[in-house]
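The sequence and structure are shown here.

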Amino acid sequence: MKIRQLRQDENPPMDLLLLADPSRESIADYLERGECYIAENEAGKVIAVYVLLSTRPQTAELVNIAVCEEEQGKGIGKKLLLDAIQRARFKGYKTLEVGTGNSSIGQLAFYQKCGFRITSIDYDFFTRHYEEKIYENGIWCRDMIRLTLDLV
């Protein structure tokens, strides 16, 4: 598997980005402001994606990370996250943040296993920013759980 930055002449893998965020508007916004990285398998097929966004001085946010469904459970997400951490450190960021839904039980465990700590909750984030209700794991996704990793 090879991870590289998406070139300007390439279209972003919307099918993958939509796995992590159902809003095309939000995706378009942070793609314009951030850096998109893709993972390709040995055949050159895009199987995963993440977007890194500078948010404040010395702080970056991982705003989207997704692995195609047939490749999930193989450690690709962890490799992507470790790549994002390495790139953020290389760029001089001191903090990496990520936000996920209160209903995203697997993602909450994943980020904490990788060293992230829960730092805040943005109550009603998803009800304010998304027109349709989002359900995951039988839970209404309303709140954004914010997690942070110190990179120093």
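Strands here are DSSP runs of E with at least two residues, numbered from the N terminus.

Leaving aside residues up to four places away in sequence, Thr119 touches Arg146, Leu147 and Thr148, where contact means heavy atoms within 4.5 Å. Between the C-alpha atoms of Thr119 and Leu147 the separation is 5.4 Å, although the two are 28 residues apart along the chain. With Thr148, the Thr119 side chain makes a side-chain polar contact of 3.1 Å (N or O atoms within 3.5 Å, one able to donate a hydrogen and the other to accept it; residues adjacent in sequence count only if both atoms are side-chain atoms).

## Basis of the model

The model is predicted: local features need pLDDT of at least 70 and side-chain atom pairs pLDDT 80 or more, while totals for chains, interfaces and linings use all residues. Numbering starts from 1 along each chain as its sequence is written, and side-chain values use heavy atoms, without hydrogens and water.

β2 (residues 35–40) pairs with β3 (residues 46–56) in the antiparallel sense over six bridges; pairing requires at least two DSSP bridges. Ile38 has Val49 of β3 as its bridge partner. Five residues separate the strands of this hairpin, and Gly44 in the turn has a positive phi of about 90°.

β3 also pairs with β4 (residues 59–67), antiparallel, over eight bridges. Here Leu62 in β4 is the bridge partner of Leu52. The β3–β4 hairpin has two residues between its strands, and Gln58 takes a positive phi near 70°.

Note on methods: Helix = DSSP H or I, 4+ residues; strand = E, 2+ residues; numbered from the N terminus.
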